[in-house]
Amino acid sequence: MKTLSFGLKFTASALALGLAAPANADTLRLLTWGGYAPENVIEMFEAETGHTVEVTTSNNEEMIAKLRATGGGGFDLAQPSQDRIAGPQEEFGIYKPMDLSKIDAALFIPSMLEATKANTTVSGEVYGVPHVWGTDGLVLNTAEAASIKDYTDLCSDEVAGKVSYRMRRPTLIGFAFSMGMDPFEAYADEAAYTEMLSKVEETLIACKPNVKTYWSGGDELMGLVRSGEVVAAMAWDTGGWKLNEDNADVTFVAPASGALGWIDTFVIPAKGQADDAAYAWINFVMKPEVAAMITESAGNFTASQGADEFVSDALKARYQASFPQEAVDNIKWYPPVPAGLEALEGAVLDRVQAAR
Amino acid sequence: MTASTLPDLECDCLTKHFGASVAVDDVSFSVPAGSFFSVLGPSGCGKTTIMRMIAGFLEPTSGDIRIKGRSVLDVPPNKRPVNMVFQHLALFPMMNIADNIGYGLRRKGMAKGEIARKVDEVLDRIGLPGIGTRRVDELSGGQKQRVAIARCMVLEPDVLLLDEPLGALDLKLREHMKIELKALQAAFDTTFVYITHDQSEALVMSDQIAVMNTGRFEQMGTARDLYYRPQTAFVAGFVGDANRWQGRVIRAEGEALEIKTDGGLILRGVGPGRGLGIGDKAEVFVRPEAIRLAENTAQLSHFDTQISGHVSTILFNGAASRVIVADASGAEIEVTLPQSGEFAHLSRGMTVHIGWSGEQGNCFAAQGR
Amino acid sequence: MLCRAGAVTRMRAGQKLGLILLLTPLLLWLSLLIIIPHIDLFLLSLRERVGVRQYETSLANYTTILTEPLYMVTFARTAIMSILATALTLLIAFPVSYYIAKMVRGRARSVLFLMCLIPFWVSELVRTFGWMILLRESGVISGLLQWAGLAAGPVEMLYNDASIMVGLVYTSMLFMVVPLVTTLDSLDDAVIEAGYDLGGSGPSILREIVIPHAVPGIVSGSIVVFMLSLGNYLTPTMLGGKDSLWFTQMIYSQFIVRFNWELGAAFGFMLLVLSSLIVWVVLRMTGQTLEKTMG
């Protein structure tokens with residue numbers, strides 16, 4: 001009987017799918033980060049809407065490079081950070097304006113939605129809505145690196161040879177804040193920004209002997225910290241929280257100059273072919289209970305209104321330990337990166353990498 | 001013994017085992033200075049193993065090798081006073097002709113000018129002056145051959161070993177090189193030890209030939225000895241062509257024997273000192289040129305073996321033409337076709353008579369009973 | 001006569017068609033996957049960004065490369081390290097190849113050859129990661145040294161030029177061994193024996209006979225290894241750590257991280273031209289031609 005009923009159900013759903021297909025069943029090609037589209041969420045979404053989801057995981061730079069290579073084709077929904085939308089859009093035109101009427105605004109934390117919309121507006125059109133947010137800060141082994149309070153402390157003798165950070169722009173920004181400057185202020189003024197960068201460059205080159213290695217992938221950093229080869233690193237909050245599960249001494253600490261806040265968004269590539277499915281996915285994953293599932297999977301909180309109460313207590317506890325209220329208030333949110341700024345930063349990063 | 005009568009090369013009870021198999025079995029011989037010595041045998045008989053032991057690439061299991069009276073067993077190949085011309089010559093393709101020939105001299109540490117002079121001299125002697133700057137692959141087969149010999153001779157070795165060096169040449173050139181090699185040997189006045197499976201090479205060039213089979217020397221002697229007085233059935237069969245029958249001895253009078261072959265023919269033969277008696281199994285060898293061809297039996301009356309038959313095949317090959325005669329029982333006998341012209345009209349199926357004298361039938365005890 | 005001429009023409013036409021059919025895949029492959037992308041890359045490298053979505057044709061990217069010492073220094077470093085890696089690989093691979101080609105026969109030979117091949121059954125990432133496990137501070141070798149009492153504390157062997165070299169040599173071995181075994185195989189044993197027979201010693205035979213014979217194999221193996229090392233991305237990045245800076249990393253970061261495709265394309269072209277130049281110089285110096293070493 002069981003088999004029979006299963007068979008019947010299967011036929012019924014296949015029929016339903018088959019009939020529904022011409023109307024709205026699409027394949028959603030999703031370009032996202034690891035953990036943002038967990039298997040259980042995809043299954044629920046496919047069952048509910050009839051769309052199928054193909055996931056490609058990537059990072060900010062590769063997402064933009066991929067979309068640029070195809071002129072915004074090959075994917076139907078992408079998730080770059082909110083500061084990387086306006087610049088590439090102006091430069092390469094790889095996104096489509098969002099049809100905000102198709103998005104259920106009530107699902108979003110209003111302040112975050114408004115901020116993201118403001119940051120991703122180009123020529124009066126909104127290109128992105130927020131999804132997951134988190135911060136860059138310090139991952140410390142508190143037993144061995146208790147004195148580290150800020151990025152510049154990574155250069156102290158106490159942790160010599162046991163430090164790691166990335167050779168990417170967040171490192172430049174973080175060090176600049178920690179050195180008492182405001183890089184976001186200088187974004188608009190190329191001369192000031194260049195001057196600021198040269199100071200950061202000097203510091204980073206002087207700091208180089210302290211560094212064990214520059215990490216490039218999350219797993220690499222995890223390995224370094226777990227083995228004890230690195231006791232202080234600049235990294236994402238989730239990395240610290242994950243390590244905390246294994247070793248209570250290791251955790252994420254918001255630096256004194258403020259953690260750097262990022263928001264990963266939803267954008268629709270210029271040549272996306274399944275916009276309906278894309279909007280359906282956005283509205284689906286922003287439901288509080290689904291958003292909580294994504295938080296469990298990715299480790300970061302979402303811009304979904306009311307999702308917090310569905311999140312496990314352990315995660316909430318880690319979050320609260322890392323972020324007392326004043327630390328939350330002190331988060332420096334990335335403003336949009338003006339186009340062309342990366343070239344300046346790139347030259348600095350190259351010189352630091354090459355320095356001996 | 002004085003130094004001049006000392007043989008250039010002596011091998012004493014030379015034996016070589018490869019695991020369980022015996023490649024060379026208790027071989028002894030000596031080669032007098034200035035002579036041309038050949039080892040003739042089918043492939044796999046162990047002749048190359050002997051040569052490689054003399055050159056120093058293989059160590060004998062037992063026995064001794066002496067060159068000019070001194071044992072060379074402890075001397076590595078690059079220090080032995082012997083040189084080798086390899087089967088495929090093994091000229092150095094990365095060097096020009098002069099460098100090939102000068103290689104050994106350079107290794108001896110000779111001065112550059114001296115080397116150049118010696119190389120020119122030896123090129124003159126092999127009749128190829130002025131080819132020093134040519135590349136190896138620009139030479140013809142015969143030229144390479146001579147260069148390979150010159151490359152060894154310039155070192156003035158006591159013994160020159162040659163490992164079937166004519167094998168890769170075409171027939172015409174091979175015939176020519178046989179004569180040339182002999183002449184070169186005479187010109188350099190060096191002891192040559194030559195290895196071949198080609199009996200005609202050995203017969204034409206050698207002063208002494210050893211016939212080798214399954215690791216042993218069957219017979220050693222001059223070319224004539226081997227051809228006319230083979231001492232074993234193997235030598236009789238291997239050196240030169242022969243008709244061969246198997247049968248039993250039915251009469252024995254001193255050295256003269258009468259043999260009935262398995263096919264029923266009655267043949268006369270001799271087996272000097274081989275102890276063949278009535279009833280023994282025997283093999284009889286008769287060379288095609290020892291058989292006389294006639295149109296009627298009367299011409300053959302003085303032969304004690306006479307057979308009549310018909311021509312089954314004519315093998316025309318100029319001076320070496322032959323006729324195959326089939327007797328009544330169908331057994332085939334090869335007979336040399338006389339070049340006098342009297343048999344020019346011979347054709348297939350014609351009846352002919354053949355005969356030979358008893359001493360031309362060489363008898364050996366056959367293996368097995 | 002006329003008829004025959006007609007038949008010959010027909011046959012020639014048939015052969016021509018056959019030739020065209022045989023050549024088509026090659027030509028398609030060459031043009032679609034190699035020539036056209038390179039032309040595209042070249043055109044891209046000639047663009048200069050003057051403003052948002054505004055580009056001009058200029059040599060600015062090439063002047064940037066030539067005027068910014070960092071880029072030329074990085075290229076020089078990459079090239080010198082690659083040449084060193086090639087030389088080391090040759091030094092290690094030559095005895096190995098000689099042993100495989102000349103000293104062993106039958107089964108043992110296939111087994112040895114297979115052992116050179118085994119590292120290539122796993123991906124480059126896994127191979128490189130294997131070295132990281134061995135060399136890192138909390139790794140196997142460091143642990144062994146401490147256990148044996150040869151080191152007082154953990155020893156870091158990763159993230160330096162030596163570890164890059166180890167990785168490059170390891171990755172390149174097979175590409176040196178294969179051409180070397182092939183050329184050494186073609187050297188008649190009798191030629192080596194003739195060398196001994198004529199009074200040569202081991203070293204002199206190696207110098208005058210074996211190495212001159214193996215030159216085409218040495219050159220083709222070296223070209224392949226040099227190109228592979230020069231174009232390697234993973235090994236320098238993972239084993240070199242903070243001090244790596246390989247030219248390919250600069251290309252990667254221009255394309256992917258900096259969105260500066262124009263400069264990245266110019267880097268790519270410089271790499272192509274300069275590495276071709278180095279190979280050409282080496283071929284000239286060794287008196288070899290590309291046809292001889294590759295054919």
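Two strands pair if DSSP finds at least two bridges between them. Helices (H or I, at least four residues) and strands (E, at least two) are DSSP runs, numbered from the N terminus. I keep both to hand for what follows.

Housekeeping: I'm on a predicted model, where local features need pLDDT of at least 70, side-chain atom pairs count only at pLDDT 80 or more, and totals for chains, interfaces and linings use all residues. Residues are numbered from 1 along each chain as its sequence is written, while chains are lettered from A and ligands numbered from 1 in the order in which they are written.

**Strands in chain B**

I looked up strand E14 (residues 281–286) of chain B and found 5 of its 6 residues buried (20 or more other C-beta atoms within 10 Å of the residue's own, C-beta atoms placed from the backbone; 12 or fewer is exposed, in between is partly exposed). Strand E11 (residues 243–253) of chain B runs antiparallel to E14(B), joined by 6 bridges. I noted B:Asn243 with B:Val286 as its bridge partner in E14(B). E14(B) also pairs with strand E20 (residues 362–365) of chain B, antiparallel over 4 bridges. There I have B:Glu283 bridged to B:Phe364 in E20(B).

Most residues other than glycine have a negative phi. I checked B:Cys13 and got a positive phi of about 45°. B:Cys13 sits in strand E1 (residues 9–18) of chain B, and is exposed, with 12 other C-beta atoms within 10 Å. B:Thr214 has a positive phi too, near 40°. I place B:Thr214 in the loop between strand E9 (208–213) and strand E10 (216–221) of chain B; with 14 other C-beta atoms within 10 Å, B:Thr214 is partly exposed.

**Chain C against chain B**

I get 15 residues of chain C in contact (C-beta atoms, placed from the backbone, within 7 Å) with 17 residues of chain B. On the chain C side, helix H8 (189–197) and helix H9 (202–230) are the elements giving two or more residues. H8(C) has the largest share, 6 residues.

**Helix pair in chain C**

H9(C) packs on helix H12 (residues 261–286) of chain C at about 165°, axes 11 Å apart (lines fitted to C-alpha atoms over the stretch in contact, angles from 0 to 180 degrees between N-to-C directions). So I call H9(C) and H12(C) roughly antiparallel (over 145 degrees). C:Val215, C:Val219, C:Ile223, C:Met227 and C:Leu230 in H9(C) meet C:Ser275, C:Val279, C:Leu283 and C:Thr286 in H12(C).

Note on methods: Two residues are in contact if their C-beta atoms, placed from the backbone, lie within 7 Å. Angles under 35 degrees count as roughly parallel, over 145 as roughly antiparallel, 65 to 115 as roughly perpendicular and the rest as oblique.
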